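Colleague: I am new to this structure. Could you take me through some of its features?

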Amino acid sequence: MENKISFSVQMTGAINYAMQQNYIPVVRSIILTNNTEETIRDITVKISSEPEFIKLFQTDIAQLVPGEPVEISPVKLVLSSEFLFSLTERLNGSIHVEVLSGDETLTAGDSDIALLPYDYWQGHYILPELTAAFITPNHPRIEEVTAKAGMYLKKWTGDPSFTGYQSRNPNVVKKQIAAVYAALQEENIAYRNPPASFERLGQRVRMPYAVLEQKGGTCLDLSLLMASCLEAVGLNPLVIVITGHAFCGCWLEEQTFDDCAED
């Protein structure tokens with residue numbers, strides 16, 4: 001028997017902790033269409049997941065007129081940050097959508113979704129701005145590095161203070177960047193291949209504290225570590241990704257959102 005209501009779901013194919021923390025929606029919209037010749041009233045749409053990484057979602061629609069699609073957007077699902085943060089390997093999950101009128105199920109269906117590890121970077125082709133989610137300037141291990149960097153500044157300038165862009169002097173900024181780099185050189189960090197992963201796009205990253213503990217990382221891992229240290233001392237870092245490589249940069253003059261928009 002043909003479903004009285006048909007629906008389509010616009011959703012992301014994968015989700016992880018970084019995406020959840022940056023409010024990337026799992027389901028962007030749902031479009032419902034009444035396939036009958038009569039108006040259907042008092043409709044309830046429910047969304048659940050397997051495994052249970054989202055809280056049961058429910059919304060009501062007063063009526064669906066024949067042949068007139070109705071869009072539900074935004075779909076504000078509540079995701080479990082604890083569950084997503086706990087993932088160390090990929091899981092295959094599903095989103096279940098059920099459309100009811102009273103106790104009658106009018107239609108239902110499942111959509112697959114990949115649940116990725118918390119430390120998975122999906123590459124610069126998919127939401128490249130999420131690269132910044134792996135920069136952690138407030139971690140205690142980063143503070144240890146910047147304390148050592150302050151010793152280099154004192155040796156070179158007589159003052160261990162990181163003043164960011166207060167001096168409005170690019171040469172002062174360069175010395176602060178150099179001090180951070182010198183402190184990281186002390187850590188004797190070596191290049192290492194990415195952690196094991198079976199995804200076709202992107203790669204797993206080592207968080208900055210893990211690079212310091214393990215004394216190794218990829219070019220991306222090292223760039224994220226350097227960016228974390230630079231941000232911790234009040235500078236504005238950049239992570240630059242090109243084919244086959246990533247590296248860290250830093251603004252020599254303070255940049256505002258307005259400046260970036262003009263550029």
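Predicted model: local features only at pLDDT ≥ 70, side-chain atom pairs only at ≥ 80, totals over all residues.

Colleague: At what angle do α4 and α6 pack?

Modeller: Helix α4 (residues 170-185) and helix α6 (residues 219-232) pack at about 130°, and their axes are 10 Å apart. Helices are DSSP runs of H or I with at least four residues, strands are runs of E with at least two, and both are numbered from the N terminus. Axes are lines fitted to C-alpha atoms, for helices over the stretch in contact, and angles run from 0 to 180 degrees between N-to-C directions.

Colleague: Which residues make the contact?

Modeller: Ile177, Val180, Tyr181 and Leu184 of α4 meet Leu225, Met226, Cys229 and Leu230 of α6, where contact means heavy atoms within 4.5 Å. These residues comprise 8 nonpolar, no polar and no charged. Here Ala, Val, Leu, Ile, Met, Phe, Trp, Tyr, Cys and Pro count as nonpolar, Asp, Glu, Lys and Arg as charged, and the others, Gly among them, as polar.

Colleague: Turning to pockets, what lines the second largest pocket?

Modeller: Its lining includes Tyr181, Leu184, Leu225 and Met226. Helices α4 and α6 and strand β14 (245-250) each supply at least two lining residues. By class, the lining has 9 nonpolar, 3 polar and no charged residues. A pocket is an open set of points on a 1 Å grid over the protein atoms alone, with protein on both sides within 12 Å along at least five of seven lines; a cavity is a set where a 1.4 Å probe fits but cannot get out, and lining residues have an atom within 4 Å of a point.

Colleague: How many cavities of 30 Å³ or more are there?

Modeller: The search of the whole structure finds 1, and the largest cavity has a volume of about 60 Å³. A volume is the space filled by probe spheres set on the grid points, which are joined across faces, edges and corners.

Terms used:
Residues numbered from 1 in each chain as written. Heavy atoms only, no water.
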